[in-house]
Amino acid sequence: MSHKRIIPACIALLIVAICGYLYLTKSTSPVFYKNSGFIFGTQYHITYEYTQDLDSQIIGHLNQVDNSLSAFNTRSTLSLVNKNENITLDQMTEDVLQLALSVSKLTEGAFDITIAPLVNAYGFGFENAGHITPGQIDSLKSIVGYKNITINNHHLIKTSPNIILDCGGIAKGYACDVIAKYLDNLNINNYLVEIGGEIRAKGKNKSNETWKIGISNPQEDSTNTVPQNSVAIIKISDTGIATSGNYRNFYYREGKKYAHIIDPRTGAPSESTILSATVIAPTCAEADAYATAFMVLGLEKSKEILSRQQHLIVYFIYTGDDGQYQIWTNNKTDNS
């Protein structure tokens with residue numbers, strides 16, 4: 001072959017090699033992806049830095065959680081347990097029930113997944129509500145209490161077949177942890193998982209900054225549509241964060257306000273001065289459960305619990321003696 005033919009052939013091969021290299025480099029360079037959708041009766045938004053879109057895989061993991069813990073999914077493990085079917089608990093369901101029982105004990109029953117009958121009776125659960133009476137409350141309280149359930153050899157044991165469970169105060173946080181674990185297993189170092197307001201974050205955002213989370217101003221009115229403004233901005237990474245509040249999900253009946261957070265010990269809606277409780281914890285499931293408990297406990301009792309659970313960081317917005325909103329936090333290095 002003459003030199004005149006060899007040179008163009010070499011140039012052509014070089015161009016092909018360069019194009020191939022550029023294509024491979026581009027296809028394997030991590031970029032930020034955003035996936036969103038609807039699950040557990042709420043929206044989710046997941047942002048992560050990776051070499052490919054993981055939307056279908058994320059949906060698969062979320063559906064696994066739904067098939068375990070959703071009270072609205074009639075064939076979920078939780079629904080079958082509520083129907084008293086003799087089934088072996090799957091790992092997700094058992095993990096959540098064990099954590100729920102632990103938090104119940106540590107909060108003296110302020111968090112309790114057996115509260116479903118009361119939640120449903122007030123109209124905040126997965127069944128329609130009627131006009132609840134004091135007699136009905138007393139009757140329902142007899143089947144509410146975390147001490148009425150135990151786990152033995154991967155089976156849930158109830159003291160009464162009328163006991164039903166509601167994991168609504170912990171399942172979204174747990175789902176955030178499930179997705180976070182999946183992303184961790186792919187060696188993804190930068191992500192934010194948000195499901196219905198509960199969050200698990202790691203690393204930094206697209207701007208190479210620590211993730212920032214806003215705490216809403218708990219203004220309220222009877223329409224539940226007041227725009228929420230942030231009263232504090234928190235920087236978080238490698239942690240879970242959850243907020244519980246009575247300022248959005250409530251209704252009025254015959255002049256009385258009914259909020260969705262029920263005190264399992266009294267059977268009545270919580271009347272604590274805390275308007276919203278934001279909790280930062282190692283896992284989002286733990287943050288989720290404690291946020292609900294602190295709404296029930298009130299400010300002073302919550303402080304007592306926190307003196308024993310010092311791994312938790314909280315931001316409480318509460319009503320002061322003067323009727324004005326105030327913020328209390330145990331974060332000594334407040335970065336808001």
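The exercises below, each with a worked solution, concern a predicted model.

Residues are numbered from 1 along each chain as its sequence is written, and side-chain values use heavy atoms, without hydrogens and water. Because the model is predicted, local features need pLDDT of at least 70 and side-chain atom pairs count only at pLDDT 80 or more, while totals for chains, interfaces and linings use all residues.

**Exercise 1.** Determine whether H154 and N208 are buried, partly exposed or exposed.

*Solution.* Begin with the scale, on which buried means under 20% relative accessible area, exposed over 50%, and partly exposed in between (1.4 Å probe, protein chains only). H154 has a relative accessible area of 40% and is therefore partly exposed, whereas N208, at 55%, counts as exposed. Turning to the backbone, H154 has a positive phi of about 65 degrees although it is not a glycine, and phi of N208, also not a glycine, is near 60 degrees.

**Exercise 2.** Describe how helix 8 and helix 9 pack.

*Solution.* Helices here are DSSP runs of H or I with at least four residues, numbered from the N terminus. The axes of helix 8 and helix 9 (residues 299-308) lie 7 Å apart, at an angle of about 135 degrees; axes are lines fitted to C-alpha atoms over the stretch in contact, and angles run from 0 to 180 degrees between N-to-C directions. Helix 8 is therefore oblique to helix 9, since angles under 35 degrees count as roughly parallel, over 145 as roughly antiparallel, 65 to 115 as roughly perpendicular and the rest as oblique. Finally, the contact (heavy atoms within 4.5 Å) involves Y290, F294 and L297 of helix 8, together with L299, K301, S302, I305 and L306 of helix 9.

Key: Helix = DSSP H or I, 4+ residues; strand = E, 2+ residues; numbered from the N terminus.
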